[in-house]
Amino acid sequence: IIAERMARHFEGSPIGQRLGRGPNARQVVGVVSDVRYAHVRALPREVVYFPLFQQPGKDIEVPTFEMRYAGQILEVMARTREAVARVDPALTLFRVRTLERQTEDSFARERLLALLSSYFGGFAVLLAGIGLYGLMSYSITLRTPEIGLRMALGARPASVAWLTVREGTWTVLAGAFAGTAAAYAAVRILESQLFGVQPHDPAVFAGATLLLVVMAVAAAFFPARRASRIDPMVGVRHE
């Protein structure tokens with residue numbers, strides 16, 4: 001029995017054709033779908049399946065059996081052990097795992113990288129929020145004379161606060177779009193570490209940009225509200 005990738009090497013239908021030469025040649029009796037060995041990200045191989053007990057002169061390795069089941073896995077395993085014990089009490093089952101568990105284990109490295117990336121990403125967001133707040137606060141402090149002059153000329157506190165928030169948000173938006181473009185170009189470096197996730201996921205980029213905008217508005221709101229409460233005379237005299 002051969003896999004589909006191996007069947008491509010035959011002309012026409014491989015069923016009935018022989019694989020190999022001489023007395024060791026084998027006849028192809030079936031074709032099965034390609035499978036991924038050891039890891040779900042591995043490419044399918046060109047596989048030939050031989051009957052386990054038809055290998056003359058060769059030691060039979062410990063076989064692996066696959067069983068299709070329905071119901072609770074613990075109950076199924078108990079019945080399986082009983083059936084094996086009835087055949088031969090000396091037989092021992094080991095490394096019993098479900099296909100779901102085996103698939104999860106194959107993602108151990110990706111899961112660890114995702115966990116570490118999440119921690120570093122959260123720390124980066126925290127630093128970005130602190131930096132944005134400090135930048136906005138310092139920028140408004142430098143503009144204290146301007147804000148005092150605007151309010152002395154009749155500007156309302158709400159309009160002063162909105163002006164400060166708007167200008168700070170536009171600055172962050174420009175940086176966010178520049179960072180998104182750079183990330184879009186550099187994401188191919190991480191593509192080899194992804195499985196089942198598109199490297200250019202619009203939801204991820206949109207979510208990151210939206211998060212930065214929300215952080216910018218929040219970072220600019222409190223300094224802007226403080227600036228809108230400045231006494232015009234104090235603001236004009238501020239150096």
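**Exercise 1. In which helix does Thr80 lie, and is Thr80 buried or exposed?**

Step 1. Thr80 lies in helix α2. Helices are DSSP runs of H or I with at least four residues, strands are runs of E with at least two, and both are numbered from the N terminus.

Step 2. The model is predicted, so local features need pLDDT of at least 70 and side-chain atom pairs count only at pLDDT 80 or more, while totals for chains, interfaces and linings use all residues. Residues are numbered from 1 along each chain as its sequence is written, and side-chain values use heavy atoms, with hydrogens and water left out.

Step 3. Thr80 has a relative accessible area of 18%, so Thr80 is buried. Buried means under 20% relative accessible area, exposed means over 50%, and partly exposed is in between (1.4 Å probe, protein chains only).

Step 4. Set aside neighbours within four places in sequence, and Thr80 is in contact with Met67 and Leu93. Contact means heavy atoms within 4.5 Å.

**Exercise 2. Find the salt bridges and describe their partners.**

Step 1. Start with the total: the structure holds three salt bridges. A salt bridge is a side-chain nitrogen of Lys or Arg within 4 Å of a carboxyl oxygen of Asp or Glu. Side chains of opposite charge can pair when their charged atoms come close.

Step 2. Look at helix α2. Glu75 forms a salt bridge with Arg79, and their closest N and O atoms are 2.7 Å apart. The two residues are four apart in α2, so about one helical turn separates Glu75 from Arg79. Glu75 is partly exposed, at 43% relative accessibility. Arg79 is exposed, at 56%.

Step 3. Move to Asp105. Its side chain meets that of Arg97 in a salt bridge, at 3.4 Å from N to O. Asp105 also pairs with Arg101, at 3.3 Å from N to O. Asp105 and Arg101 are four residues apart in helix α3, so about one helical turn lies between them.

Step 4. Check accessibility. Asp105 is partly exposed at 34%. Arg97 is partly exposed at 40%. Arg101 is partly exposed at 47%.

Step 5. Join the pairs. Shared partners link Arg97, Arg101 and Asp105 into one salt-bridge network.

**Exercise 3. At what angle do α3 and α4 pack, and which residues make the contact?**

Step 1. Helix α3 covers residues 99-106 and helix α4 covers residues 108-142; they pack at about 55°, with axes 4 Å apart. Axes are lines fitted to C-alpha atoms, for helices over the stretch in contact, and angles run from 0 to 180 degrees between N-to-C directions.

Step 2. This angle makes α3 oblique to α4. Angles under 35 degrees count as roughly parallel, over 145 as roughly antiparallel, 65 to 115 as roughly perpendicular, and the rest as oblique.

Step 3. α3 brings Glu104, Asp105 and Ser106 to the contact, and α4 brings Ala108, Glu110 and Arg111.

Step 4. Sort these residues: one is nonpolar, one is polar and four are charged. Ala, Val, Leu, Ile, Met, Phe, Trp, Tyr, Cys and Pro count as nonpolar; Asp, Glu, Lys and Arg count as charged; the others, Gly among them, count as polar.
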